[in-house]
Amino acid sequence: MEPELPLAGLRVLDLTRVLAGPYCTMVLGDLGAEVVKVEVPGVGDDARHFGPFVGPESAYFMSLNRNKKSITLNLKHDRGKRLLLDLVRHFDVLVENYRPGTMEKLGLGYERLSTENPRLVYAAISGFGHTGPYRTKPAYDVVVQGMGGIMSITGHPGGPPTRVGASIGDITAGLFGTVGILAALRARERTGRGRFVDVAMLDGQVAILENAIARYEVSGRVPTRIGNRHPSITPFTSVRASDDYLIVAVGNDALWEKLCRLVGREDLIDHPSYRTNQDRTENWESLEPILAAIFRTRTAAEWFEALEGAGIPCGPINTIDRVVADPQVNARGMIVAMDHPVAGPMKMAGSPIKMSGVPPQERPRPSPALGEHTREVLTRLLGLPDDEVDALAGEGVI
């Protein structure tokens with residue numbers, strides 16, 4: 001008998017689309033929740049139409065919607081709204097990422113749904129949240145990356161503001177949404193009542209600025225783009241070997257001494273400009289060319305061997321093909337295989353959450369076809385007979 005996943009028995013009604021919301025519900029599904037994705041009949045999640053494609057199937061959609069079921073429901077139809085209200089009574093969590101006010105206009109906002117199910121945890125993920133002057137503005141990942149400050153500190157000095165390569169505006173909102181849902185479920189255990197969880201993409205970007213706000217508040221200076229180096233730890237950056245780039249992370253003064261001895265520059269250990277981490281950070285402009293000349297003398301592979309032998313943290317800057325083939329990544333089950341009935345075998349990133357008593361999910365359930373589980377969910381949870389389900393389909397409700 002397979003061990004039970006941590007969220008087994010939890011039911012999630014997923015009204016999300018594209019990335020932020022689906023990422024949140026994917027995490028819940030990976031942990032064992034029954035996730036029922038509600039999609040527009042005949043159209044589905046917008047992400048079904050995003051490339052790359054394997055035949056007619058979107059690999060983008062597949063990578064975000066594993067371990068879910070799909071039902072179709074027309075929420076602009078009165079009967080569709082009634083079915084959603086009926087379904088809500090059977091679920092623990094509802095997640096949506098519409099613009100604030102949309103669900104209320106449909107008569108399906110939190111206040112209404114909580115009267116049907118007072119224990120419902122309702123999570124709303126949006127660009128700017130349900131309060132504040134920007135609440136009704138539309139947003140995408142690149143918008144909130146720009147507004148949240150991360151683009152202003154990403155890139156090289158003198159270069160343009162740079163978007164982070166992954167959609168962290170969406171993904172951080174999805175992850176914070178997951179945390180909020182789990183916290184609300186814990187509160188429900190004590191009170192018996194659900195909560196409204198309001199997560200904004202912009203808020204998430206502000207939350208992950210790390211020490212940029214602290215640096216600004218302490219110094220009064222606006223943080224700027226400084227390339228790959230750390231603003232307060234030095235050297236902690238990418239360096240160029242004779243053939244490739246690598247990362248060197250000297251996180252304290254003891255590691256600095258090790259590095260100096262390794263490269264035969266003991267004179268730098270107690271040099272007044274480089275003795276402490278603060279000294280090195282303040283004098284990076286003079287230290288950088290010294291280190292650049294040193295690292296150009298060997299290949300990246302030679303530096304890895306030498307640095308690791310000295311106990312100095314380092315690593316390659318892997319391209320995606322190298323990440324997928326990396327032995328540590330694979331040993332941790334971070335590349336999983338999925339057998340899609342149309343697209344065939346697919347590989348994708350696995351869940352990073354490892355837990356005792358739960359083996360890694362090496363072959364997750366594939367993303368569902370549009371409306372694949374409509375009949376099963378409506379008959380199992382609402383007890384609708386097959387002929388009524390057929391009639392709903394004929395009326396354009398499902």
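Predicted model: local features only at pLDDT ≥ 70, side-chain atom pairs only at ≥ 80, totals over all residues.
I started with Glu 376, which is partly exposed at a relative accessible area of 28%. For my own reference, buried means under 20% relative accessible area, exposed means over 50%, and partly exposed is in between (1.4 Å probe, protein chains only).

Residues are numbered from 1 along each chain as its sequence is written, and side-chain values use heavy atoms, with hydrogens and water left out.

**Salt bridges**

What does Glu 376 meet in a salt bridge? I found the side chain of Lys 69 there, at 3.5 Å from N to O. The two sit in distant parts of the chain, 307 residues apart: Glu 376 is in helix H16 (residues 374-382) and Lys 69 in strand S5 (residues 68-72). I noted that helices (H or I, at least four residues) and strands (E, at least two) are DSSP runs, numbered from the N terminus. Lys 69 counts as buried, with 18% relative accessibility.

The rule I used for a salt bridge is a side-chain nitrogen of Lys or Arg within 4 Å of a carboxyl oxygen of Asp or Glu. The count by this rule is 25 salt bridges. Glu 376 and Lys 69 also belong to a network of salt bridges that links them with Arg 11, Glu 34 and Arg 380.

I looked up two other pairs. Arg 89 and Asp 86 form a salt bridge at 3.0 Å, N to O; Arg 89 is partly exposed at 42%, while Asp 86 is buried at 18%. Asp 339 and Arg 363 form one at 2.9 Å, N to O. Asp 339 is in strand S12 (residues 335-340) and Arg 363 in the loop between strand S13 (344-349) and H16, so this pair ties together parts that are 24 residues apart in sequence.

**Strand S2**

Which residues point which way from S2? Glu 34, Val 36 and Val 38 go one way, and Val 35, Lys 37 and Glu 39 go the other.

S2 runs parallel to strand S1 (residues 11-15), and 4 bridges join them. Two strands pair if DSSP finds at least two bridges between them. Arg 11 has Glu 34 as its bridge partner in S2.

I noted two cis peptide bonds. One joins Gly 51 and Pro 52, with omega about 5°, and Pro 52 is in the loop between S2 and strand S3 (53-54). The other joins Thr 234 and Pro 235, with omega about -10°; Pro 235 is in the loop between helix H9 (212-219) and strand S9 (236-240).

Is Asn 67 buried or exposed? Asn 67 is buried, at 1% relative accessibility, and has a positive phi of about 55° although it is not a glycine. Glu 210 also has a positive phi, near 55°, but Glu 210 is exposed at 65%. I placed Glu 210 in the loop between helix H8 (201-207) and H9.
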